[in-house]
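Student: I'd like to learn how to read a helix and its surroundings. Can we work through one case?

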Amino acid sequence: MCRLVQVNYRKYDGSLHWNLRMRRLGEDEHGVWLGLPADSVMRKGHGPDVRLDVAHVLLFPRAAWWTAVFNAAPRETEIYCDITTPPQWVSPDEVTMVDLDLDVIRKRTDGTTLMIDQDEFAEHQVRYGYPAEVVAEAEASGRWLLDAVGSGAEPFGTAHASWLAMVSQDGAGPDAG
């Protein structure tokens with residue numbers, strides 16, 4: 001039986017944002033890896049389930065201001081990085097962080113890497129009163145991610161492949177216990 005982990009992204013005011021339960025796959029030098037097969041679900045706040053069409057893995061780095069989702073094909077967005085406060089492990093079965101709106105994505109078809117949601121980031125700086133140091137960390141993480149994801153530096157190269165195989169339909173990887 002594999003261990004399930006509750007993943008809770010929150011907004012700066014503490015309200016629940018995206019949340020889901022994922023399989024703990026393991027750890028490596030990049031951080032903790034969780035995964036879900038295709039046709040799993042997640043929720044936005046306390047809203048209805050949102051179906052996830054493809055398998056994906058989520059990386060929680062140690063002491064960094066981001067998380068990264070690696071999606072299986074044919075999803076158009078290959079990598080989706082949320083700029084967040086550093087993930088906090090409440091227990092071995094729960095991780096939480098504050099979503100700071102900015103995202104860095106890489107498209108599967110041509111490798112285009114973009115930063116998105118700058119408008120939401122600007123709006124929420126006012127709405128939630130982000131302290132200057134939070135704004136600075138978020139902006140620095142965004143710049144770093146644009147370069148790292150765009151260049152394919154690890155963990156944005158091939159590091160995710162074996163983890164994704166564990167939850168993909170064609171992957172027969174072992175369950176982590």
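Predicted model: local features only at pLDDT ≥ 70, side-chain atom pairs only at ≥ 80, totals over all residues.

Student: Which residues of helix H1 are buried?

Tutor: Phe121, His124 and Tyr128 are the buried residues of H1, which spans residues 118–128. Buried here means under 20% relative accessible area.

Student: Why do the buried residues line one face of the helix?

Tutor: General idea first. An α-helix has 3.6 residues a turn, so residues three or four places apart point the same way. Now this case. Viewed down the axis of H1, the buried residues fall within an arc of 70°, so they line one face. Asp119 and Val126 lie on the other side.

Student: What covers the buried residues of H1?

Tutor: The cover includes strand E10 and helix H2 (132–151).

Student: Which residue just after H1 takes a positive phi?

Tutor: Gly129, with a phi of about 65°.

Student: Back to E10. Where is Lys107 placed?

Tutor: In strand E10, which covers residues 94–107. The Lys107 side chain makes a polar contact with the side chain of Glu76, at 3.3 Å. Leaving out residues up to four places away in sequence, Lys107 touches Glu76, Thr77, Glu78 and Thr112.

Student: What feature does UniProt place at residues 13–151?

Tutor: The unreviewed UniProt entry gives "domain: DUF402" there. Over residues 13–151, the chain is 22% helix and 50% strand. The end C-alpha atoms of that stretch are 34 Å apart.

Technical notes
Residues numbered from 1 in each chain as written. Heavy atoms only, no water. Helix = DSSP H or I, 4+ residues; strand = E, 2+ residues; numbered from the N terminus. Polar contact = N/O pair within 3.5 Å; in protein donor to acceptor, adjacent residues only side chain to side chain. Contact = heavy atoms within 4.5 Å. Buried < 20%, exposed > 50% of the residue type's maximum accessible area, 1.4 Å probe, protein only. Arc of directions from axis to C-beta. UniProt positions renumbered as here; feature names shortened; annotations may be inferred.
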